[in-house]
Each structure stands twice: as C-alpha cells, then as structure tokens.
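Please keep the sequence and the model in view while reading the points below.

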Amino acid sequence: MVKINQIYQVEIISLADNGYGLARLHNDVIYVKQALPQEHVSVKITKRLQRGYVGEIVKWQVRDPHRVKSSCDIYHHCGSCHLLHCEYSHQLSLKQAMVKKWVKDSSLSLKVLPVIGMREPYQYRNKVIVSFYKDRNSKLQKGFYEEFSHRIIPYQSCLLHDEMMDDIVNSIALIAKKQRIEPYDERRHSGFLRHVLLRKGRVSKEIMVVPVCTSEQFPGRKKFVSELLKAHPEITTIVQNVNGRKTSVVLGSQERVLYGSGKIEDVLMGNRHQISSKSFYQINHEQCEVLYHKALDLLNLNGNETVLDAYCGIGTIGLSVANHVKQVIGVESNQQAVHDAIGNAALNHMTNARFICDDATHFMEQAAAQKRHFDAVIMDPPRSGSDKEFMRACAKIQPKQIVYISCDPRTQMRDLVFFKKLGYEGKEVIPVDLFPNTNHVETIVLLSRK
Ligand code: SAH
C-alpha cells in the first residue's frame, strides 16, 4: 500500500496522458511530476488521486540524457508546461509514442507518423489569459492558477507568450494599482478585476485587450483606457467583459467595447479573419497553417466538390479550402463565431462559403434526412470529440472522404472506432505539435469509405 509522504524508488515507464512520468509500484500507478521515461528516481508521494498517486522527485538514480534545465521561474508550480525539462526533439518523440499508445489501446491499425514540430517552440501563443488577486499585503498581483488548485502563482513573464503581451499585462497591473482597482477575491467573491485576456494577430500585429470584471460599472474607466493606450499605442481594441458569477470559467456573456472595433484582424492561410474575444482561434499561428496545409493535401481536391466544415469556429478551415472547391458549408454552435465566419467570407470575397449557426449533430441529422450531399467532410470538434449521432448521420450522407482534426487524440480514436463500424477507415495519423512544451498534441486523420 502506497503511503502519502513516503519515499519510494521507481522506474518511469512512459509519459502519462497528463504529461507526468508514469511509474508502477506494486499494483498502483504513480504519476511523477517532471519525470521522463527511463529515469530511475526516488519519489515522494504527495497526493492520492482516484486513479493512482502523484509524486515529486527527490533524487535521481538515472537521469534521461534529454533532460534540460528549464528557464522558467514558476515552472514547478504552474500547470501549463509539462515538458519544459525535455529537449524539444525528444518531446516530439514522446508525443508520437503517446499517440501510438492511444492508437494501440483502441485496436485501430493506423500508422502514426512522426510529430511535425516547430522551428522555434517558444513565444507562440497568440492568446494569453492572466488572473489578478490580492496578496497577503493586500497588493494587487497577477499570475496563473497552480496545477490542481485555486491558488494563483505570481508571474512576470512566460516563455510561451509574445513578450509584448507580458509587457501589456504588467502595465495593466500598474495602472490598476495606481487607480486602486480592487482585484477579485475568489473566496469572498468580492473585488472588481478578475482576469485579462489578450489576443494578438501574428501577421497583422493587432492587439485586443479584454479586462474581465465583476460588474459593468468600471470606476475610472476612461482613465484606465487612456493610460493603457498611452503606455501601449499598439493596442487596437479594448473590450470590457463582465463576469459576476462564481465560476472558474473566464469570460462572462456581457461585453462592452471601450476602444476600437471590438475585434482584431489576422491573416491565416492568406485569408483575412476578424476575431472576437469569445471566438475560437488556434493559438499557434505557424503550426495551425502547417495543420491546414496537411488537411488540404489529404483531401486532394479537384475543384468540383461541396465540402462541409463541421465545428468550423470562425471559418478558418472552410475559407482555406473555399478557393479549391465549388462550395463550402460551415456549421458551428457559437453564435459570435458564426457571425465572424460570415463576415470573414465577405471580407475575402468568397461567395461560395456559407456558415450556419447550429449544433453540428442536429445539422448533420437534418442534412441526412434531406438527402443532402457532401463530397468531403472536415471535422474539428472540441476536446470531448464528436458523437455517435453525428457520425451516423455523416455516414448516411456518404462523403467520399472525412478529414478528422483533433486536439485530443484519445477522443478522436474513440470516434474512429465508431467510424470504422460505419465503414470509414484511415491509414495514418499525422500529429502536429501545436502546443510545444506542453503535453498536448493535435492529430489529423483522413478517413475513406471502404
Ligand atoms: N475549426 C475551427 C474551430 C475548432 S474548435 C478552427 O480550427 O479554428 C471546436 C469548435 O467547435 C469551437 O468553435 C466550438 O464552439 C465548436 N463546437 C463545440 N460543440 C459544438 C457543437 N455541438 N456543434 C457545433 N459546433 C460546436
């Protein structure tokens, strides 16, 4: 029986789904923080989880030669970068091994190709969220949530952020202190400033700042805006978001534009895109283009197709293929994103792309009932994956090809097992590293009708 606070010697067998090193002790699973496969370590057990234990390394007997020193100050506490201690090329091998394991676990016969990595795996995030809180001396601080906790870890800069974003966050904290704006206190559910969300167009360099506040009444609003713009004239729009609920969800439903148009524009795959605060937009611009080029290559289009872009967000994939096909239909449940997608089609003079606000499954079932035809379906569902009703309806429509893009290969594999029963099979998985230094990976699979 494994005991909390006890030290044990273990060997790390593989990288677990959560980015921890996985070890076994008797019949128990131990998730060892910042451990790499093949390391032998003494580990102190710190926590019990439903599916095992968490441990921290106290000593190494054998170190992995790919281990590197992380240059992040808060790396040990912040729960974002699970692989900063690992050489980048080795991160890619570990992610490939992880995807191989998920494929094997689902008994699919898919070849897993090497993960396509990034040239410069830092400062790639075009979206940043930072939280505010009051420290012990009642001073406003900014930071990120500690892993598995509601404690916020103070931060100065992040290796994954664009430097300019961190400068803006610093300025916001300074202005808020000067104006005596109260940071949010989660325990008491009091205070005003909760978070700030920033978005930057990688190509356009346009910047959106979204302070998330507990109420619409923003004391010193005009001064806040003018001071922030004075410090950062590069900001193109400021949107106040109101979130007064007791929740860990960052954004509330209500918004008010304080400066600029309330949107930023960016160029992706040669197309202009308007992006709102709440719309989904891939956080890694460079790798997103790699991914979309792969989707285009896989589809091998002849120009006469009608393509469905399911879970289309602001239409980025659909508009990337629109110039290569007869027609694109996009379906997405987030109203603001659909609004952006329709605007983006017009902005790029694409008259052959239509976007519909609907639940993807509902849309698909109706399309099947109406005997509509799509030559190809591109689907890019959220982390939870798709559902059986969507896939059943999709199979009824009989597209020749389905390109399934996923940010969680585990749910993708689950769905591919069901697609196989419906007569759709793939040959290979192409993983693309959209999230360097974290344990996440994006995968793309082409399915064809048997
Ligand atoms: N393809 C887009 C967005 C992918 S993220 C891109 O690459 O940018 C997944 C999208 O699915 C999100 O925009 C989310 O709002 C949407 N979504 C989630 N559940 C949905 C559902 N049931 N029906 C339609 N869209 C859904």
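The numbered points that follow take up the ligand site, a pocket, the cavities and then several individual residues.

1. The structure under review is a predicted model. The values quoted in this note are computed from that predicted model.

2. Surroundings of the ligand. Which residues are the closest to the ligand? Tyr-292, Glu-332, Asp-359, Ala-360 and Asp-380 are the closest of the 16 residues that surround it. Sorted by class, this shell holds 7 nonpolar, 5 polar and 4 charged residues.

3. Ser-333 takes part through its backbone, with an N or O atom 3.2 Å from a nitrogen atom of the ligand. On its own the ligand has 570 Å² of accessible area, and the protein covers 84% of it.

4. The second largest pocket. This pocket contains about 520 Å³ of space. Its lining is made up of 19 residues, and those nearest the centre are Tyr-133, Lys-134, Asp-135, Asp-185 and Arg-187. Two elements give two or more residues to the lining, namely strand S7 (127-134) and strand S10 (193-200). Of these, S7 provides the largest share, with 4 residues. What classes of residue make up the lining of the second largest pocket? There are 9 charged residues, together with 5 nonpolar and 5 polar ones.

5. Cavities. The count of cavities of 30 Å³ or more is 3. The largest cavity has a volume of about 100 Å³. It is lined by 13 residues, and Cys-72, Ile-74, Cys-78, Cys-81 and Cys-158 are the closest to its centre. By class, the lining of this cavity consists of 11 nonpolar and 2 polar residues, with no charged residue.

6. Ser-406. This residue belongs to strand S20, which spans residues 401-406. Is Ser-406 buried or exposed? Ser-406 counts as buried because its relative accessibility is 3%, below the 20% limit for that class. Its side chain reaches the backbone nitrogen of Asp-408 at a distance of 2.9 Å.

7. Most residues other than glycine have a negative phi. Lys-205, although not a glycine, has a positive phi of about 70 degrees. Lys-205 is located in the loop between S10 and strand S11 (207-213). A positive phi is also found at His-349, where the value is near 55 degrees. His-349 sits in the loop between helix H6 (335-347) and strand S18 (353-357). With a relative accessible area of 70%, His-349 is classed as exposed, since that class begins over 50%.

8. Phe-435 and Pro-436. Where does Phe-435 lie? Phe-435 is in the loop between strand S21 (424-432) and strand S22 (442-449), and Pro-436 is placed in the loop between S21 and S22 as well. Phe-435 counts as buried at 13% relative accessibility, and Pro-436 counts as buried at 0%. The C-alpha atoms of Phe-435 and Ile-283 are 8.5 Å apart in space, while the two residues are 152 residues apart in sequence. For Pro-436 and Ile-7, the separation is 429 residues in sequence and 31 Å in space, C-alpha to C-alpha.

9. Gly-21. Strand S2, residues 21-25, includes Gly-21. Gly-21 is buried, because its relative accessible area is 0%. From the C-alpha of Gly-21 to that of His-82 the distance is 9.9 Å, and the two residues are 61 residues apart along the chain.

Note on methods:
Residues numbered from 1 in each chain as written. Predicted model: local features only at pLDDT ≥ 70, side-chain atom pairs only at ≥ 80, totals over all residues. Heavy atoms only, no water. Near = heavy atom within 4 Å. Polar contact = N/O pair within 3.5 Å; in protein donor to acceptor, adjacent residues only side chain to side chain. Areas by Shrake-Rupley, 256 points an atom, 1.4 Å probe, with all protein chains shown as cover. Nonpolar A, V, L, I, M, F, W, Y, C, P; charged D, E, K, R; others polar. 1 Å grid on protein atoms, 1.4 Å probe; cavity = no way out; pocket = protein on both sides within 12 Å on 5 of 7 lines; lining within 4 Å. Points joined across faces, edges and corners; volume = space filled by probe spheres on them. Buried < 20%, exposed > 50% of the residue type's maximum accessible area, 1.4 Å probe, protein only.
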